[in-house]
Amino acid sequence: MNDSSTRSLAKAVSWRLTGTIDTFIISYLITGQALIASGIAFAEIMTKVFLFWVHERVWNRISWGKK
């Protein structure tokens with residue numbers, strides 16, 4: 001059973017939203033500035049959605065562990 005490309009993208013977006021909230025909170029705690037924390041979180045979400053999608057597509061081609 002394989003995930004569709006669209007499902008992989010939806011999973012990537014939902015995971016990154018969770019991760020971005022975490023990144024924003026940590027960045028805010030470190031810098032004390034919401035604008036800087038927002039910039040860091042925005043840059044992070046743009047790159048990591050793509051990287052997760054690629055990661056999912058690669059793993060989808062690997063049969064190891066599938067039944």
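Buried means under 20% relative accessible area, exposed over 50%, and partly exposed in between (1.4 Å probe, protein chains only). This is a predicted model: local features need pLDDT of at least 70, side-chain atom pairs count only at pLDDT 80 or more, and totals for chains, interfaces and linings use all residues. Residues are numbered from 1 along each chain as its sequence is written, and side-chain values use heavy atoms, with hydrogens and water left out.

**View 1. The buried residues of helix α2.** Ala37, Ala41, Glu44, Ile45, Val49, Glu56 and Asn60 are buried in α2. Their cover includes α1 (5–31). Contact here means heavy atoms within 4.5 Å. Across the 67 residues of the protein chain, 21% count as buried.

**View 2. The length of helix α2.** Helix α2 covers residues 34–60. At 1.5 Å a residue, its 27 residues should span 39 Å. The expected span is 1.5 Å times one less than the number of residues. The end C-alpha atoms are 38 Å apart, which agrees.

**View 3. The fold of the protein chain.** The chain has 2 helices and 0 strands. Helices (H or I, at least four residues) and strands (E, at least two) are DSSP runs, numbered from the N terminus. The C-alpha atoms fill a box of roughly 50 × 20 × 15 Å along the principal axes. Among contacts with a separation of 6 or more, 65% come from residues 24 or more positions apart.

**View 4. The charges.** The protein chain has 8 positive and 4 negative charges, with mean positions 9 Å apart. Lys and Arg count as positive, Asp and Glu as negative; His and the chain ends are not counted. Charges are placed at NZ of Lys, CZ of Arg, CG of Asp or CD of Glu.
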